[in-house]
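Please keep the structure open while I talk.

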Amino acid sequence: MKPVYTRPKSLKRTPFHYCPGCGHSVAHRLVCEVIDEMGLQERVIGIPPPGCSVFAYNYFDVDMAESAHGRGAAVATGIKRAYPESVVFTYQGDGDLAGIGTAETMHAANRGENITTIFINNAVYGMTGGQMAPTTLRGMKTTTTPYGRDHILEGHPIKMSEILSILDGVAYIERVAVNSPTNIRKAKKAIAKAFQVQLDGRGFSMVEILSPCPTNWKMTPIKSWQWIDEEMTGIFPLGVYRDVAEKISAD
Amino acid sequence: MAKILMDGNSAIGEAAIRAGCQCYFGYPITPQNELTEYMATHLSRRKGCAFVQAESEVAAINMVYGASVAGARAMTSSSSPGISLKQEGISYLAACELPAVIVNMQRGGPGLGSISAAQSDYFQATRGGGHGDYRTIVLGPSSVQELADMTMRAFDLADKYKIPVIILGDGVLGQMKEPVEFSREAPTVLLARDGSLRGAKGRSSRIIKTFTSNPSELEEINWSLFRRYTLIKKEETTCESFMIDDARLVVVAFGIAARIAKGAIKNMRSEGLKVGLFRPVTLWPFPDEPLKEMSKTIKQYLVFEMNMGQMVEDVQLALAGQGEVAFYGRPGGVIPNPSEVARVISRLYYQKGLK
């Protein structure tokens, strides 16, 4: 009998600690499938962040180095510059990438660092217990916006894919979601493309993944999938934001 | 090889390249810019090497972290306010047992302070500086030649003990020109350090991390770090003594202050005053044993620093009451000349009836 669904080789046989319905486990699996299918397990160095996915190194069976909060793009820069033959990816949440690490992310992207960023946007600080994230939607209740995010006081949800897409060092940016079988398949394609862009030496690549957080959204997993379609994609539209075809020459 | 006339900042850069530094990441700040510029000119085009002018000191130290993760000899430099920003990354480097070299060409503080030389980051450098229980090796050079030699030593120590090493210089050392000789030629091949992350080829995957949800595991990590620190203290503590054999008063100073004090002491000696100099070369580990030994015969000490009194606490701890300690400090970026220091020494000498 031919197996049609198996655990990816680069995903360790360790039960996830993530909450039921969390998008991290899906995103982890997709990255591992791509690493396997592209034959990159022996070349990849991953940078997990502080946050819910801090234990990503317990699941990914590739070399991994933890980063300080928000500094993933700088750490990845250091690794890639020291060892250009590696395939480097950061795995970052919204507080990490769009809050404390905005500067590191923007400048790594603008330098056109040949790295790939997997950006998990779930509109909330998950591990610390559901505080407002830079990507929290207007009106959305969190533990630090108990009356709903008021844009007059707390600003607007920040759109990182749109912002980064105007930088000349960026080769590829796509926003996807992991809230339906169709979207999950599209997400995997985007992740594969992002790694290919890095292999081709075309510059910075990022996949922003709208990811459910049923625990902190206080929803059932099913409802959280629907909420991504109904609320999140209105503010964070899915699609390709940048795809520069030409190869950047590395002299 | 022949001596070359070089400013201190450039000498560090040249020494670093000859020590096999593969990656340099920096951000402009006075008075250390010549080092960043030297690396931009001389390191960036070397085969297999990398130079990045980072967007911030925070980014620069995290790039150092990344390069060290990948097994490269990596370095960053800054001056006092910028070094404050690097503390987060230094704490992570220390926790992950990653070698790195960090140069601090100190300037006056606190705050934005001044761009003139000071020694007011002694506490920050010798007590860890960032969060958590850790130490870094801290070297206190006092000449351009020592900047070169200590830069090479810093890379060796960092690799040997898997620890960040800080070169605690200052604006004077960085800016002044002196003849300097380099003891090594640059290596032609740069090898990655064992245990680094280069992809899990032919071996199982590796993790470099600091976080654990198990306090007992973290306690053991802390114990392990401090066992290594004990070894470093035993093996690597260095100091310099100058004219102390018959001394009745010993000046204790480090870095450029020791250089100034030495000038003062030479003048004192010509006037018949029996004054010597004790200079800690490693600021951490601090040479407390030699001081303790000295206190058996010499009872009067004058600590001179270009700050409000920081190393003086280590001197007092080392002497443990077995000697009288006076202090003369000039903070804020003021650089006293030897005659000013000589007046202070002379006054103390006569007040204490040592003549």
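Let me begin with a convention: a crossing of two helices is called left-handed if the near helix is turned anticlockwise from the far one by less than a right angle, and right-handed if clockwise. Helices here are DSSP runs of H or I with at least four residues, strands are runs of E with at least two, and both are numbered from the N terminus. What we are looking at is a predicted model, in which local features need pLDDT of at least 70 and side-chain atom pairs count only at pLDDT 80 or more, while totals for chains, interfaces and linings use all residues. Residues are numbered from 1 along each chain as its sequence is written, and chains are lettered from A and ligands numbered from 1 in the order in which they are written.

Chain A has 9 helices and 9 strands. Its C-alpha atoms fill a box of roughly 55 × 50 × 30 Å along the principal axes. For 251 residues a compact globule would have a radius of gyration near 18 Å, and the 17 Å of chain A agrees with that; the radius is taken over C-alpha atoms, and the globule rule is 2.2 Å times the number of residues to the power 0.38.

Helix 1 of chain A, residues 23–37, packs with helix 7 of chain A, residues 181–199, at an angle of about 50°, their axes being 9 Å apart. Axes are lines fitted to C-alpha atoms, for helices over the stretch in contact, and angles run from 0 to 180 degrees between N-to-C directions. Helix 1 and helix 7 of chain A are therefore oblique to each other, given that angles under 35 degrees count as roughly parallel, over 145 as roughly antiparallel, 65 to 115 as roughly perpendicular and the rest as oblique. The crossing of helix 1 of chain A and helix 7 of chain A is right-handed. Among the residues that make the contact are Val26(A), Leu30(A) and Val34(A) from helix 1 of chain A, and Ile184(A), Ile191(A) and Phe195(A) from helix 7 of chain A, where contact requires that the C-beta atoms, placed from the backbone, lie within 7 Å. By class, this contact of helix 1 with helix 7 of chain A has 9 nonpolar, no polar and 2 charged residues; Ala, Val, Leu, Ile, Met, Phe, Trp, Tyr, Cys and Pro count as nonpolar, Asp, Glu, Lys and Arg as charged, and the others, Gly among them, as polar.

The axes of helix 1 of chain B, residues 8–18, and helix 2 of chain B, residues 33–42, come within 7 Å and cross at roughly 40°, which makes helix 1 of chain B oblique to helix 2 of chain B. Their crossing is right-handed, and the residues in contact include Ile12(B) and Ile17(B) of helix 1 of chain B, with Leu35(B) and Tyr38(B) of helix 2 of chain B. These contact residues divide into 5 nonpolar, 4 polar and 1 charged.

How do the two chains meet? In the model, 28 residues of chain A are in contact with 32 residues of chain B. On the side of chain A, helix 2 of chain A gives the most, with 8 residues, and by class that side has 15 nonpolar, 5 polar and 8 charged residues.

Strand 2 of chain A pairs with strand 9 of chain B, residues 207–208, in the parallel sense over 2 bridges, and Met64(A) has Ile207(B) as its bridge partner.

Chain B has an open sheet of 7 strands, in the order 3-2-4-5-7-6-13 and with mixed pairing. Its edge strands are strand 3 and strand 13 of chain B.

Finally, some backbone details. Most residues other than glycine have a negative phi, and most peptide bonds are trans. The bond from Trp284(B) to Pro285(B) is cis, with omega near 0°, and Pro285(B) is found in the loop between strand 13 and helix 10 of chain B.

How values were computed:
Contact = placed C-beta atoms within 7 Å. Pairing = 2+ DSSP bridges.
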